[in-house]
Amino acid sequence: MQIATWNVNGIKARIEGLLAWLDDVRPDIVCLQEIKSVDEGFPEHLFAERGYNVATHGQKSFNGVAILSRHPFDETSARLPGDETDEQARFLSATISTRDGALTVASLYCPNGNPLGTEKFSYKLGWMERLEAHVRGLLAEETPFVLAGDYNIIPEPIDARRPEAWVDDALFQPESRAAWRRLLGLGLVDALRATSDAGDLYTFWDYQAGAWQKNNGIRIDHALLSPQAADRLASVVIDKRVRGWERPSDHVPLIVELDIAAR
DNA sequence: ATGGCTGCAGGATGCAGA
């Protein structure tokens, strides 16, 4: 079972490239972030005709997450629990049936948090605390799950080509990195780091200042696996080809393969 | 670099992103 995550930075702007990528890779499940579309504006039929079920949690202009799945959803759930007043569309989870029982996959778009010293940074940290609380509940169920998305956190210096350039950025703050480490401390596994300790593994290159041409990238898109999912981890790939395509997103897909068969 | 691009809403340019 291949589970991918991709911050597409606008579904309308990326539909052509996304469809070409889907036809090429044909992953079982795709978690999308920053669709920047309301649910009604999401081109569901283009995915349905390729055999994908579609779940969206959209918002006008900003944010928005979606899940595409070649396997039927048993249930879907939008919004990260813990704050009923939070209107930002950043979390969607779905459960599918496998030969070994239920598998939960969540598409998440953690807040950016810049600039520091503003309510945006405290919102980021509060959101990560809510995610941690939600993860504690999921772990108690002892079923396999994958939390895939744009975490907007650079975990370690090796995850940036120029870590010194990010020290005053919300993505690389000690508090942000501590929130990430707390998730690992609960027993979640960083899929990419479970398969490689190499550098030069990035998922984002800024549009500005020739970041892609200079390989000035950062690793901020991640898949965290529950212990039961990590036991089935087969491979992890960052598909950086698409960053060189026409009109690219500034993020590229991360693809996790689990030795789990759909029912 | 002075975020140097990009997407979005809307119909000009401001906001958000990372």
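**Exercise 1. The surface near DNA strand B**

Identify which helix gives the most to the surface near DNA strand B, and describe that surface by residue class and by the DNA atoms it meets.

*Solution.* Step 1: with 3 residues, helix α1 (residues 11–25) gives the most to the surface near DNA strand B. The model is a predicted one.

Step 1: list the surroundings. DNA strand B is surrounded by 30 residues, and the closest are Glu34, Ser61, Asn112, Asn152 and Asp206.

Step 2: sort the residues of this surface by class. The division is 10 nonpolar, 9 polar and 11 charged.

Step 3: turn to the DNA side. Among the atoms of DNA strand B within 4 Å of the protein, sugar or phosphate accounts for 72%, and bases for the rest.

**Exercise 2. Polar contacts with DNA strand B**

For Arg14, Asn152 and Asp206, state which kind of atom of DNA strand B lies at what distance from the side chain.

*Solution.* The cut-off for a polar contact is a pair of N or O atoms within 3.5 Å.

Step 1: phosphate. Arg14 has a polar side-chain atom 3.3 Å from a phosphate oxygen of DNA strand B.

Step 2: base. In the side chain of Asp206, an N or O atom is 2.5 Å from a base nitrogen of DNA strand B.

**Exercise 3. Helices α3 and α4**

Determine how the axes of α3 and α4 are oriented to each other, and which residues meet.

*Solution.* Step 1: the axes of helix α3 (residues 119–141) and helix α4 (residues 174–185) come within 10 Å, crossing at roughly 5 degrees.

Step 1: apply the cut-off. Angles under 35 degrees count as roughly parallel, and α3 and α4 are therefore roughly parallel to each other.

Step 2: name the contacts. From α3, the residues are Phe121, Lys124, Leu125, Met128, Glu129, Leu131, Glu132 and Val135; they meet Glu175, Ser176, Ala179, Arg182 and Leu183 in α4. By class, this contact of α3 with α4 holds 7 nonpolar, 1 polar and 5 charged residues.

How values were computed. Residues are numbered from 1 along each chain as its sequence is written. Chains are lettered from A and ligands numbered from 1 in the order in which they are written. This is a predicted model: local features need pLDDT of at least 70, side-chain atom pairs count only at pLDDT 80 or more; totals for chains, interfaces and linings use all residues. Side-chain values use heavy atoms; hydrogens and water are left out. A residue is near a molecule or strand if one of its heavy atoms lies within 4 Å of it. A polar contact is a pair of N or O atoms within 3.5 Å; within protein, one must be able to donate a hydrogen and the other to accept it, and residues adjacent in sequence count only if both atoms are side-chain atoms. Helices (H or I, at least four residues) and strands (E, at least two) are DSSP runs, numbered from the N terminus. Ala, Val, Leu, Ile, Met, Phe, Trp, Tyr, Cys and Pro count as nonpolar, Asp, Glu, Lys and Arg as charged, and the others, Gly among them, as polar. Axes are lines fitted to C-alpha atoms, for helices over the stretch in contact, and angles run from 0 to 180 degrees between N-to-C directions. Angles under 35 degrees count as roughly parallel, over 145 as roughly antiparallel, 65 to 115 as roughly perpendicular and the rest as oblique. Contact means heavy atoms within 4.5 Å.
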